[in-house]
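Subject: Structure handover

Hello,

Here is the structure I said I would pass on. My notes on it follow below.

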Amino acid sequence: MAARTKMAMSSDFLDAFARLPRPQQRSVRTLISRFNADSTAKGLNYEKIHAARDPAMRSLRIDQGYRAIVLKPAQGDVHMLLWADKHDAAYAWAGRHECRINPETGALQVYEPSAEPTAETEAPAVEPPASTPARPPAFGELRERELARLGVPAAMLAEVRTVRDDAELDAMQPRLPLEAYEALFLFLAGDSYEKLVRDREPPPEPIDTGDFATALARHESRGRFVVVEDELELEAMLNAPLERWRVFLHPSQRRLVERDWNGPARVLGAAGTGKTVVAMHRARWLARNLPGRGRILFTTFTRNLAADIDHNLGAICKPEELARIDVRNLDRWVVRFLRGRRYEFRIVFGRDDRAWQRALDLKSSDLDCPDGFYDDEWEQVVQAHGVTSLDEYLRVSRVGRGSRLNRAARARAWRVFEEYRTQLAERGLKEVDDAYRDAAVLLQNDPEALDYAAVIVDEGQDMGAQAYRLLRAIVPAGPNDLFVVGDGHQRIYGRNKVVLGRCGIDVRGRSRKLRLNYRTTEETRRWAARLLAGRAIDDLDGGSDDDRGITSLTRGPEPLLRHFENRDEQSSFIVNYLKQIQAEGSSLRGVCVVARTKHERDAIAATLGERGLAHVALEAGTVDSAEKEGVRVATMHRVKGLEFDRVVMASVNADLVPLPAAVDTRGDAVERESAETEERALVYVAATRAKKELLVLSFATRSRLL
């Protein structure tokens, strides 16, 4: 009978597979299928690699010129696909790498020990000049076993002990296992050894360094390896080898996804740390594991992001799982819900200018407040706190507002807000925050109206207080009820800061933060982070948040800032840049040109069309199709939730960024400062869409943000 084996595939193998020519990719598919059917079949050319660093490594012939590298453990029936390349390059890779189970953590690791002598072995010590004080080893206080508990392989312990700062650690990063680099980085950033170990998955006792099947089941291993269960799963992975988020989760992400939370949970993370990926995998896990037939509501603030999430969930969920997940942006959800209850009002999104102007006609000259004051007071106080009467307005807290109002002044200001609601009601209209509140009341009076077992909220920083009170009413309180992911650094829709605890969502003891950036290079991340440096960023629950301890796993060029005399010069630069990318053989699908406004986006798109460059304008409510050729052009708001190899931020000019209409018309200094932060956050969002390269262009007068 043919020998049956299980095949595990490393994330490195998928990266290598993506770089193979198409004919060799087809051969790899055939090879894996044959190997899964019978690993002893003749014609596989399954051979030992005598020059391999790890004696368990073998090669499989893809064709005459290419080889796949496989690890064949001494025991068990699991084989690991590790790499694929041209013959000599594949053998060279096998000569540099090891694949072993860490005896302290139990995780399966692939790493590349240095071939050079380290300072603690046979290399002679070199004394620094007398004028230069010697830097102590960065990890000198940690014993060898402690370093091993942090994930450092035994073959790299001596080398790690020579590291003296974060620059030397970064240089070693590509050769270290991910969890080892992360732990060492966080140690240098100030985390204690005890905290780092406490945050890890507890190691099994005892650890069998020959039991690869058990090692593959650990969170740390599953961040790099996946066991291929069937042909359909294999085909899905090979069809999108670079979309690693579909298959691999970092251990810190998997710990958030695959567990029972005893109530609402909140996950914070800067741009690129994989919050949306965590939310999507959480939805799939709940669809697989929640008892009963209740559905999972997956909601977010914008229609664009909801459409993208719905599309991506289809790539990772089985049909029966997808059937349990209802993906809908909250505005559409509340419209549908209230319509089903014969709601007598039509919902308006944003301000009704006609009603608002009539209300402003009643503003008191005694207050001497500009129109912007009433705008902000309505959003930040009246709607945020659900104020519906003068008595409530006289008692509501106005903490965070720059202008003080005594009781008499509040009474005069209330006339404007009361008149606005009256004007809306006469025309059968209600703003969406009022509709949220009405929907929450209906649900509180009829808790059996819905069949949701859980709610997942993505981009939670964009939701207001009334939205969260509605979400609290949608699902019964209990285990796994609410899962909120967000980042105050990316608040770009004018929403005031929310405190989850005041909305009935208690996340105490169930709050976590993601600290590894998987998308953006460290150079781009640092540039973007400086835009918000020193500004108060909240954590969605009354506390503060910052980007300390955040690092990117990739390095690249510094963002390129270029200033031009006029629009024509900027346009010529963009066109030449795009044509150079084409000349290098790269697709323009991986490039997005971003502008602050739709008008500016359209002007850039028109220029690209005149110069004969294919382009795709990303519109609201549509999914970006990877099949469409051409450079993408979009507004800064539209690119939220997307990513591209290269981002060109164009026309970052003084008259566009920050947008004067968004900042200069605010009611008081506090609101102007808040609006400035929001504009900076918008540039931060656009910049952090770039995976490899960021260009920031301006003409005439450059933005003061630069």
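In what sense do β2 and strand β3 pair, and over how many bridges? Please keep in mind that this is a predicted model. The two strands, β2 and β3 (residues 57-61), pair in the antiparallel sense, over 2 bridges. Lys48 has Arg58 of β3 as its bridge partner.

The sheet

This pair belongs to an open sheet of 6 strands, ordered β2-β3-β4-β5-β1-β8, with mixed pairing. Its edges are β2 (47-48) and β8 (225-228); each has a single partner strand, so one side of each is left without a neighbour in the sheet. Helix α1 (residues 11-19) lies across two of the strands, β1 (6-10) and β5 (78-86), and runs at about 30° to β5.

A helix pair

Two packed helices are described by the angle between their axes and the distance between the axes. For helix α2 (residues 22-37) and helix α11 (residues 231-239), the axes come within 12 Å and cross at roughly 155°. An angle over 145 degrees counts as roughly antiparallel, so α2 is roughly antiparallel to α11. Their crossing is right-handed. On the α2 side the contact is made by Arg29, Ile32, Ser33 and Asn36, and on the α11 side by Glu231, Leu234, Glu235, Leu238 and Asn239. An α-helix has 3.6 residues a turn, so residues three or four places apart point the same way.

Helix α23

Further along the chain, the notes turn to one helix and one of its residues. How many of the 9 residues of α23 are buried? The count is 7, so α23 is largely enclosed by the rest of the structure. The buried residues are Glu522, Glu523, Thr524, Arg525, Trp527, Ala528 and Ala529. Among the elements that cover them are the strands β17 (516-517), β18 (551-552), β19 (560-564), β23 (644-649) and β24 (690-699), together with α27 (669-687).

Glu522 is in this helix, which spans residues 522-530. The relative accessible area of Glu522 is 3%; buried means under 20%, so Glu522 is buried. Its side chain is joined to that of Arg525 by a polar contact of 2.9 Å. Which residues does Glu522 contact, leaving aside its neighbours within four places in sequence? They are Thr551, Ser552, Thr554 and Arg555.

That is what I have for now.

Regards

Terms used
Residues are numbered from 1 along each chain as its sequence is written. This is a predicted model: local features need pLDDT of at least 70, side-chain atom pairs count only at pLDDT 80 or more; totals for chains, interfaces and linings use all residues. Side-chain values use heavy atoms; hydrogens and water are left out. Helices (H or I, at least four residues) and strands (E, at least two) are DSSP runs, numbered from the N terminus. Buried means under 20% relative accessible area, exposed over 50%, partly exposed in between (1.4 Å probe, protein chains only). A polar contact is a pair of N or O atoms within 3.5 Å; within protein, one must be able to donate a hydrogen and the other to accept it, and residues adjacent in sequence count only if both atoms are side-chain atoms. Contact means heavy atoms within 4.5 Å. Two strands pair if DSSP finds at least two bridges between them. Axes are lines fitted to C-alpha atoms, for helices over the stretch in contact, and angles run from 0 to 180 degrees between N-to-C directions. Angles under 35 degrees count as roughly parallel, over 145 as roughly antiparallel, 65 to 115 as roughly perpendicular and the rest as oblique. A crossing is left-handed if the near helix is turned anticlockwise from the far one by less than a right angle, and right-handed if clockwise.
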